[in-house]
Amino acid sequence: MKRENAVALRSEIADFMSLEAELVDTRRFEEWLGLFSEDLHYRMPMARNLAHQGIRAGVEYLSEPLDVSWFDEGKETLKTRVAQIRTGVHWAEEPLSRTAHLVTNIRIVDLDGLPDDPTEIQVNSKFLVYRNRNADEEDTLIGRREDHLRRVGGSWQIFRRTVYICQTVLLARNLSFLV
Amino acid sequence: MDIRSLVDIANGTASREIFVEDKIYRRELEQIFARSWLFVGHESQVANKDDFYVSRMGEDSVILTRDRQDKIHVLLNSCRHRGMKLCRYDEGNTRLFSCPYHAWGYSTDGNLVETPGELVGVPGYEKYYHSELQKKEWGLIKAAQMVNYKGTIWATWDPNAASFEDYLGGMRLWLDSALDHRDGREGGSTVLVGVQKWRTNCNWKFPATNFIGDAAHAVSHVSVNLAGINPSGGKGRRDQRASGHAAFGWPDLGHGGLGFLPRSEEEFPREPSFQRYPVVSEYLAEMAAKHKERRKGGTHYQGKGTIFPNMSFHEDQPRTIIVHHPNGPTQTEFWRYYLIDSDAPEEVKDKLRHYYMTYSGPAGMTEQDDLENWTSATQASLGGVARNYPYNYQQGLGHSEVCDLLPGAVWCGETVTEQNQLVWLKRWAEFMEGRNWDELMRRVPIRNDVPFPMKAKEIA
């Protein structure tokens, strides 16, 4: 990829990630859903404490197809989650939580090797999702994401997202907020 | 501690102190968690020799392990030397547990030790201990009793505890309905790989008494019912249930939940389910037909609920186990397991897995709302004034009757009743009073016993 294309793509993707965070944090959930493709695969695997050899073997996060995850679903289920929040009687989100998604360390994988006008890219990033609800209840999820994006018209859509949080025992009462 | 001043079974009230007070919580750890039968894990988590899985019994960390002679053991995960958490991995494979602090080493290898978990290696044993340390006396603490029930592993620290079968009583028939294969074979289930573990700032008794039926379910879960995760499509969160679903409790044992009024296997309806997923729907229909054939002439027992004190299960939709580990008076650590026929086709397992995860666990669209309620109820009971006012469990009080069809159980013909919460609290009080096992199992007469409030018999 030519240098000026790479600079432009990096800036475009950083904007995309910021927009995604802004939409979810300002509760424009329906617009947020629009950033994901209909064939989305959204997974948040669970981590285990393993001896060093297990970590080296790359099996710290349970990622086999039939392993239990925190989330492992498609677009339809994400839509159902938004519909549940919109009922106004989803007590875990009524009153709504306040969230702030901080997304950093955004890196387009193998940027140099991409064609000048790529149709699919992998974007790795780090995130901190802070949630506050009611008066003094706080949850913080920190980890990394691997997103796969597809060019759709003049913009991008995420068709695969894998979220790796740093906790083995989830230190949050629930995951009713969108990560 | 005057337990009877805290729980008034006859009047259907319980002090808020039992949900928030540290002294009461400490006593629960001694009187309930050090004596009851507790769910530890599943045999599939230690499928091979030397496999181990670290679990909990109450606040205590335990190691579930399979030795080289293929026997399963439950060992306290704390070094006898200075208390160090011996194994800090969640799972793995070893027969030597070596302490990271001073390297005391414990073995499960029957060729080296007489008792699994025995102390084998102590650095400086000859030079610094002068070979005088009594190694046999300093092995890992072992659960006093352990059973493998259809793949599920249970243990108790109390050598005098009643047998697991007696402890379960009639509730065993419902546990079977969760653990038995859908085609009616005994056992034949396993757990999916991966245990969801999460912490919530609620007292452990909220979840323990939530999975046994009352008015909460229709109110708490209105949003998921509106959004709809029904596996046959449309509104609601599960398929239509068979008739005769009601709350049943075992007042002498503390267990209870929601289940079906027993009837003959031939009469029990087995309607189509999971119709959004033809592969699952066809599998379940085929298994249901086999179930009916295999068990013809028998009685159909099916239900879900809480096994006293802190294990709750659901026999289908979603077929799961959850353990409410106490983690301080106002915190619970939940461990959720998902049950499946071990030989079901992969696609069936996958679709069921997806349904389970969208229903239960911290991301489950049903469970999320429960977690919110239990937290807010615990926190709002902490206030200096709030603490003085007891909780109310009077719904259906005095309307329970013996159900001859289900051994040892009482019911009042409804799903919406607080009968089972009182059944559970009655057992809680009996343990907390420090009754011995003869008293707990009613093998001896009990002075000043508190009977469960039943419907007054009509005078002829």
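Among contacts in chain A between residues at least 6 apart in sequence, what percentage join residues at least 24 apart? In chain A the figure is 61%, where two residues count as being in contact if their C-beta atoms, placed from the backbone, lie within 7 Å. The model is a predicted one, in which local features need pLDDT of at least 70 and side-chain atom pairs count only at pLDDT 80 or more, while totals for chains, interfaces and linings use all residues. Residues are numbered from 1 along each chain as its sequence is written, and chains are lettered from A and ligands numbered from 1 in the order in which they are written.

Chain A has 4 helices and 6 strands, these being DSSP runs numbered from the N terminus, with helices (H or I) of at least four residues and strands (E) of at least two. Along the sequence these elements follow the pattern α-α-β-α-β-α-β-β-β-β. A compact globule of 179 residues would have a radius of gyration near 16 Å, and the 17 Å of chain A agrees with this; the radius is taken over C-alpha atoms, and the globule rule is 2.2 Å times the number of residues to the power 0.38. The C-alpha trace of chain A spans about 50 × 45 × 30 Å along its principal axes. Of the 179 residues of chain A, 26% count as buried, a residue being buried if 20 or more other C-beta atoms lie within 10 Å of its own, exposed if 12 or fewer, and partly exposed in between, with C-beta atoms placed from the backbone.

With 12 residues, α4(A) reaches 17 Å from its first C-alpha to its last, close to the 16 Å expected at 1.5 Å a residue, where the expected span is 1.5 Å times one less than the number of residues. A:Arg81, A:Gln84 and A:Ile85 are buried in α4(A). Seen down the helix axis, the buried residues of α4(A) fall within an arc of 100°, so they line one face of the helix; the arc is that of the directions from the helix axis to the C-beta atoms. These buried residues pack against α2 (29-33) of chain A together with α7 (222-227) of chain B. After α4(A) comes A:Gly88, with a positive phi near 80°.

The contact between the two chains takes 36 residues from chain A and 39 residues from chain B. On the side of chain A that touches chain B, β2 (69-73) and α4 (75-86) each supply at least two residues. The residues of that side divide into 18 nonpolar, 11 polar and 7 charged, with Ala, Val, Leu, Ile, Met, Phe, Trp, Tyr, Cys and Pro counted as nonpolar, Asp, Glu, Lys and Arg as charged, and the others, Gly among them, as polar.

Chain B contains 12 helices and 25 strands. Its radius of gyration is 23 Å, close to the 23 Å that the globule rule gives for 460 residues, so chain B is as compact as a globular protein of that length. The C-alpha trace of chain B spans about 80 × 55 × 40 Å along its principal axes, and 47% of the 460 residues count as buried. Of the contacts in chain B with a separation of 6 or more, 65% are accounted for by residues 24 or more positions apart.

The largest nonpolar core has 130 residues, and B:Val40 and B:Leu64 are those with the most contacts inside it; such a core is a set of buried Ala, Val, Leu, Ile, Met, Phe, Trp, Tyr and Cys residues joined through C-beta atoms within 7 Å. Helix α11 (residues 419-432) of chain B gives the most to this core, with 8 residues. Leaving aside neighbours within four places in sequence, B:Leu64 is in contact with residues including B:Val40, B:Phe52, B:Ile72 and B:Ile153.

Some backbone details of chain B lie in its loops. The peptide bond from B:Phe308 to B:Pro309 is cis, with omega near 5°, and B:Pro309 lies in the loop between β19 (303-307) and β20 (311-314). The bond from B:Gln317 to B:Pro318 is also cis, with omega near -10°, and B:Pro318 is placed in the loop between β20 and β21 (320-326). B:Ala103, in the loop between β8 (96-98) and β9 (105-107), has a positive phi near 70° although it is a residue other than glycine, and with 13 other C-beta atoms within 10 Å B:Ala103 is partly exposed.
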